[in-house]
Amino acid sequence: MLLKSIFFPVVGFYLFLHIPMAVGASQGDPCDLPKDLRSEVATKYPGKKIVTLADLQDDDRGFFQKDHNSSCPGLVKVDFYGDGKLTLGLVLIGNGEGKDSSVLVVAHQVEGAWKISTLATGGPTVPVVWSQDPGEYQDVYGQKKIRAARPVIVFCRYESWAILYAWTGSRVAKIRLQD
C-alpha cells in the first residue's frame, strides 16, 4: 500500500512535466502539414520534404525572418483560388545533403480531398514561399502586368530570382519579379 501511495504521485508528476513538452513540440512546428496531406505529399513526391529555416543559408534565413518572423519558409496558407477553402503553397526539396531540384506545389482541399498541383521547379536551390495581397503586379522587365483579384504566391530564391503566381479564375498566371 505504501508503494502505491508513492508510485502514483511520482508517475503523475513525471507525466505532468514531460507530456506537455512532447505534445507542444509537434503542435508548434510552423512547417507541419495536416496528417492526410503529409501522406499524399510523401506518396506523390517521394524523398522530398518541406523547406525549413534550418535548410536556409544564414543570409537567406536572415532575409526570410526579417519579413516573415519565424513562419515556415516552405509553407504558406493562402486563399489562392478565392473560394475560402484551405489552400497551401509548399516548397519541397530533397532530404539530406544531396538536395535535388526544388518544387513549388499548391495543395487545395476540396470536399475533403486534396488536389495537389505542381506549379514550378527551382533547380538545385533552396527557395522560399510566401503570400502577398491581391493587387497589380508588374514583371521585372516592365512588359507584363497581373491584376490579381486574390492573394498571390511568391516563389523566391533570395538574391537570384522571384516569381509571382496568381489565379485568374481559369488558370495560373506568372510573372518574374526578380531575375
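Predicted model: local features only at pLDDT ≥ 70, side-chain atom pairs only at ≥ 80, totals over all residues.
A residue counts as buried when its relative accessible area is under 20%.

**H108 and T87**

H108 sits in strand β4. Its relative accessibility is 8%, so H108 counts as buried. Leaving out residues up to four places away in sequence, H108 touches Y81, D83, K85, L86, T87, A113, W114 and K115. F80 makes a handy reference point for this region: H108 and F80 are 28 residues apart in sequence, while their C-alpha atoms are 8.8 Å apart in space.

One of the contacts of H108 is T87, a residue of strand β3, which covers residues 87-94. T87 has 1% relative accessibility and therefore counts as buried too. What does the side chain of T87 have 3.0 Å from one of its polar atoms? It is the backbone oxygen of K85. Beyond four places in sequence, T87 touches V76, K77, V78, F80, Y81, V106, A107 and H108.

Strands of a sheet pair through backbone hydrogen bonds, in either a parallel or an antiparallel way. Here, an open sheet of 4 strands runs in the order β6-β9-β10-β11, and its pairing is antiparallel. Its edge strands are β6 (128-132) and β11 (172-178), each of which pairs on one side only. From one strand to the next, the twist averages 25°.

Let us look at one end of that sheet. Strand β10, residues 161-167, pairs with β11 in the antiparallel sense over 6 bridges. Among the bridged residues is W167, whose partner in β11 is V172.

**The nonpolar cores**

The largest nonpolar core has 33 residues, and L104, I153, L164 and Y165 have the most contacts inside it. At least two residues of this core come from each of β3, β4 (102-110), β6, β8 (145-148), β9 (152-157), β10 and β11. Which strand gives the most to this core? That is β10, with 6 residues.

Setting aside residues up to four places away in sequence, I153 touches V78, F80, L104, V106, V129, W130, I163, L164 and Y165.

**Aromatic pairs**

Rings pair if their centres lie within 6.5 Å, and by this rule there are 5 aromatic pairs. In one of them, the rings of W130 and Y158 have centres 6.2 Å apart and planes at 20°, so the pair is stacked. This pair links distant parts of the chain: W130 lies in strand β6 and Y158 in the loop between β9 and β10, 28 residues apart. Ring pairs also bring in F63, giving a cluster of F63, W130 and Y158.

Are W130 and Y158 buried or exposed? W130, at 14% relative accessibility, counts as buried, and Y158 counts as buried at 12%. The table sets these two beside the residues from the opening section.

| Residue | Relative accessibility | Class |
|---|---|---|
| T87 | 1% | buried |
| H108 | 8% | buried |
| Y158 | 12% | buried |
| W130 | 14% | buried |

Technical notes
Residues numbered from 1 in each chain as written. Heavy atoms only, no water. Buried < 20%, exposed > 50% of the residue type's maximum accessible area, 1.4 Å probe, protein only. Polar contact = N/O pair within 3.5 Å; in protein donor to acceptor, adjacent residues only side chain to side chain. Contact = heavy atoms within 4.5 Å. Pairing = 2+ DSSP bridges. Axes fitted to C-alpha atoms, helices over the stretch in contact; angles between N-to-C directions. Core = buried A, V, L, I, M, F, W, Y, C linked by side-chain atoms within 4.5 Å. Phe/Tyr/Trp six-rings, centres within 6.5 Å; stacked < 30°, edge-to-face > 60°.
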